[in-house]
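Please look over the sequence and the structure shown here before reading on. The briefing that follows begins with one residue and then turns to the whole fold.

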Amino acid sequence: MSRPVAEEESSLTLEDLLTELRTRGWTLIRWGPLEAPELLAAMFHRATSADVFILRNKDDATAYRCPIIGDSPVFCPPVVAWQYHGKPSWTLREVLALAEPGKPGAPDEYRSSAPEVRDPAWAA
């Protein structure tokens, strides 16, 4: 997948995109104070999968879709159907653009997750 050249190419801000997550019913989780969170995560939980967005800092974010099987972990999953790592606003755009599970174009092949997904330091 090609990556956009510059973060500034779009008029949507990170705050606009986070508002869109809330509007779409995502659960937002914050670690640390409101004014300066240490970490921000968002999750959209379905019966068989979850979409997750992790904001580490102003330059680094990860998003992924993982399966929900029994009590499988949503944070730090061993396998994912899709994952993306990059600038926060582009990472959010990518996860919000994912087709719903079972719909045409939805990712459906599971593979091992990248270290950015499995890193327990951010999920602790």
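**A buried threonine and its surroundings**

Thr91 counts as buried because its relative accessibility is 0%, where buried means under 20% relative accessible area, exposed means over 50%, and partly exposed lies in between (1.4 Å probe, protein chains only). The model is a predicted one, in which local features need pLDDT of at least 70 and side-chain atom pairs count only at pLDDT 80 or more, while totals for chains, interfaces and linings use all residues. Residues are numbered from 1 along each chain as its sequence is written, and side-chain values use heavy atoms, with hydrogens and water left out.

**Thr91 in its setting**

- Thr91 is found in helix α2, where helices (H or I, at least four residues) and strands (E, at least two) are DSSP runs numbered from the N terminus.
- Apart from its neighbours within four places in sequence, Thr91 is in contact with Phe53, Ala61, Thr62, Ala63, Tyr84, His85 and Gly86, contact meaning heavy atoms within 4.5 Å.
- Although Thr91 and Asp60 are 31 residues apart in sequence, they are 8.9 Å apart in space, taken from C-alpha to C-alpha.

**The protein as a whole**

- The secondary structure comes to 4 helices and 7 strands, and from the N terminus on the elements run α-β-β-β-β-β-β-α-β-α-α.
- Of the 124 residues of the protein, 39% count as buried.
- The accessible surface comes to about 7100 Å², of which 55% belongs to carbon and sulfur atoms; such areas come from the Shrake-Rupley method with a 1.4 Å probe, and for residues only the protein chains shown count as cover.
- Among contacts between residues at least 6 apart in sequence, 51% join residues at least 24 apart.

**The sheet**

- An open sheet is formed by 5 strands in the order β1-β2-β3-β4-β6, with antiparallel pairing; two strands pair if DSSP finds at least two bridges between them.
- The strands β1 (27-31) and β6 (82-86) stand at the edges with a single partner strand each, so one side of each is left without a neighbour in the sheet.
- Neighbouring strands of this sheet are turned by 15° against each other on average, direction ignored, where axes are lines fitted to C-alpha atoms (for helices over the stretch in contact) and angles run from 0 to 180 degrees between N-to-C directions.
- Strands β1 and β2 pair in the antiparallel sense over 5 bridges, and Thr27 stands opposite Met43 in β2.
- Strand β2 (residues 39-45) is joined by 6 bridges to strand β3 (residues 49-57), the two running antiparallel, and the bridge partner of Phe44 in β3 is Asp51.
- A hairpin joins β2 to β3 through 3 residues, and β2 is mostly covered, with 5 of its 7 residues buried.

- Helix α2 (residues 88-96) lies across β3, β4 (60-67) and β6, and runs at about 160° to β6.
- Helix α2 is mostly covered, since 8 of its 9 residues are buried; the buried ones are Pro88, Ser89, Trp90, Thr91, Leu92, Arg93, Val95 and Leu96.
- These buried residues of α2 pack against α1, β3, β4 and β6.
- In helix α1, the buried residues are Leu17, Leu18 and Leu21, and they cover an arc of only 100° around the axis, which puts them on the same side of α1; the arc is that of the directions from the helix axis to the C-beta atoms.
- The buried residues of α1 pack against β1, β2, β3 and α2.
- After α1 comes Gly25, whose phi is positive, near 90°.

**Cysteines**

- A disulfide is a covalent bond between the sulfur atoms of two cysteines.
- When a disulfide is taken as a pair of cysteine sulfur atoms within 2.5 Å, the count comes to 0 disulfides.
- Cys66 counts as buried because its relative accessibility is 0%, whereas Cys76, at 22% relative accessibility, counts as partly exposed.
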